[in-house]
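Student: I would like to learn how to read a model feature by feature. Where do we begin?

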Amino acid sequence: MCGDFQAIRNHRDMQCMAVPQKYRQLGDFHKYYTGERTAPVLTIVIGGNHEASNYMSELYHGGWLAPNIYFLGHAGCIQVNGIRIAGASGIFKSNDFSLGLYERLPYDHGSMRSIYHIREFNVRRLSLLSSPDIFLSHDWPQFIERHGDTQGLLRRKPFFRQDVQTGNLGSPPLMGLLRTLRPKWWFSAHLHVRFEATVQHEQSGIGSNSPSTISLPQNPDEIAIADDDFDANEPQNLPIETRLQTTSHNPDEITLDEEEEEVIQSPPVVYQPQLSVTNFLALDKCLPKREFMEVIDVPTTSDDSTMPGQRCLPKLTFDPEWLAISRAFHPFFSTRRRQADYPDEATARAKVAEEMEWVKSNVHNNDANSSDGPLPGIRSILDCQTFVQSAPGPGSEGAQKNQQPPWYTNPQTAAFCDMLDIQNMIDFSSDNRA
């Protein structure tokens, strides 16, 4: 699930979702959260820009939103039967990109939106991964439309034309990650249209994304929200012919005006030497007669040991390299607006290599005889994190039904930090003002 999952546990969670009041609906996720229903298949989720952001912040490093529904965190990488799945939650906004995770409950108008804006901290961490098999994002990578049937896209979504012509469609940091990581598959959402593309990666050399002034498209599947106190209404330096065009709105989107702004050019990307291809696929929203679901077969490392006709049960494990990156970058994790300076890439990679040795020596299943973790540094997620209801389900809100909830420190986040022997920086209970 590539975002806008809306894991709303109760009515107070709805007060932390950046949509107009008329779109705040409880939905049916709470039935999975309380155990009334169970997801029939393992479901991997990232966050979008219309979420109960307080709940997803509880699970910053990832965790079970409900039984059989796993959230990758604000950024993360896990393995399912050996398939490496990485992902980045949220959408891009240049003003918040370089900040720390400063937002606290209760959210105000600005922080309710900035909380889901992707941060440089997580892009840098993800860039240190070796190639995952699958990458999930909510935003589309910048310029991805140039690698597919652009004219077909514009026939279906003509209101994208101005953004395509000016290079304003998609997220610069995500294209940087796509070029750096070169996953086999990249899945996205956000723009509410099915689109596929094939990115051929160069064999060698140094490349960079084309310089441009970027803003996120207005999409009629979005709900327009006027935010006059943000920089969305500032004039943009567009070409003369662009200024003369009338911007069309896509009624399929819930547009927050302050998300349409100038963005920075992504940094130069160092290409890996081997020739490879990334298959990109974005799907539509979940509505009748819309293309919102696709089945793709991806071979797993356990396929060879499965008998014909036998179902291969999914085994969810932590990714050792991501655990090493999490330890290596933990000293740079800021929970204030100011973000500490990052190490250069060579220093960062050397630190990750050092922490990988720690992971191999210290991360393993508690059950020494378990077959789920035969390799050093491999640990079953269920051996560390088990789902727990950190907040009550619906029906217990009382007179506070329409107020934002207090902060709940999630035991799954504490367990993750204990496994890596790092401080739990996501325990905001002492900062709680609700």
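Predicted model: local features only at pLDDT ≥ 70, side-chain atom pairs only at ≥ 80, totals over all residues.

Student: How many helices and strands are in the chain?

Tutor: The chain has 14 helices and 12 strands. Both are DSSP runs, numbered from the N terminus: helices are H or I with at least four residues, strands are E with at least two.

Student: What share of the residues counts as buried?

Tutor: Buried means under 20% relative accessible area, exposed over 50%, and partly exposed in between, with a 1.4 Å probe and protein chains only. Of the 434 residues of the chain, 59% are buried. Now sequence separation. A contact means heavy atoms within 4.5 Å. Among contacts in the chain with a separation of 6 or more, 81% are between residues 24 or more positions apart.

Student: How do I read aromatic pairs?

Tutor: Take the distance of the ring centres and the angle of the planes. Rings of Phe, Tyr and Trp (its six-membered ring) pair if their centres lie within 6.5 Å; planes under 30 degrees apart are stacked, over 60 edge-to-face, and the rest tilted. The whole structure has 18 such pairs. In one of them, Tyr 60 and Phe 333, the centres are 4.9 Å apart and the planes at 20°, so the pair is stacked.

Student: Where do Tyr 60 and Phe 333 lie?

Tutor: Tyr 60 is in the loop between α3 (53–58) and β2 (63–66), and Phe 333 is in the loop between α11 (320–329) and α12 (345–362), so the pair ties together parts 273 residues apart in sequence. Tyr 60 is buried at 3% relative accessibility. Phe 333 is buried at 7%. Ring pairs also link Tyr 60 and Phe 333 with Phe 121, Phe 329, Phe 332 and Tyr 342 into a cluster.

Student: Which ring does the charged end of Arg 9 sit over?

Tutor: A charge sits over a ring if NZ of Lys or CZ of Arg is within 6 Å of the ring centre and within 35 degrees of the ring normal. The charged end of Arg 9 sits over the ring of Tyr 55, 3.9 Å from its centre. Arg 337 does this with Tyr 102, at 4.5 Å from the ring centre.

Student: Now sheets. How do I read strand order?

Tutor: Strands of a sheet pair through backbone hydrogen bonds, either parallel or antiparallel. Two strands pair here if DSSP finds at least two bridges between them. β1 runs parallel to β3 (residues 69–71), joined by 3 bridges. Thr 43 has Ile 69 of β3 as its bridge partner.

Student: How many residues of α6 are buried?

Tutor: α6 is mostly covered, with 6 of its 8 residues buried. They are Glu 120, Phe 121, Asn 122, Val 123, Arg 125 and Leu 126. What covers them includes β4 (75–80), β5 (83–88) and α11.

Student: What about salt bridges?

Tutor: A salt bridge is a side-chain nitrogen of Lys or Arg within 4 Å of a carboxyl oxygen of Asp or Glu. The count is 16. In α6 (residues 120–127), Glu 120 and Arg 124 are 4 residues apart, about one turn of the helix. Their closest N and O atoms are 2.8 Å apart, in a salt bridge. Glu 120 is buried at 18% relative accessibility, and Arg 124 is partly exposed at 32%. Arg 9 returns here: its side chain meets Asp 13 in a salt bridge at 2.7 Å, N to O. Both Arg 9 and Asp 13 are buried.

Student: Which residues are linked in a network of salt bridges?

Tutor: Arg 327, Lys 351, Glu 354 and Glu 355 are linked in such a network.

Technical notes. Residues numbered from 1 in each chain as written. Heavy atoms only, no water.
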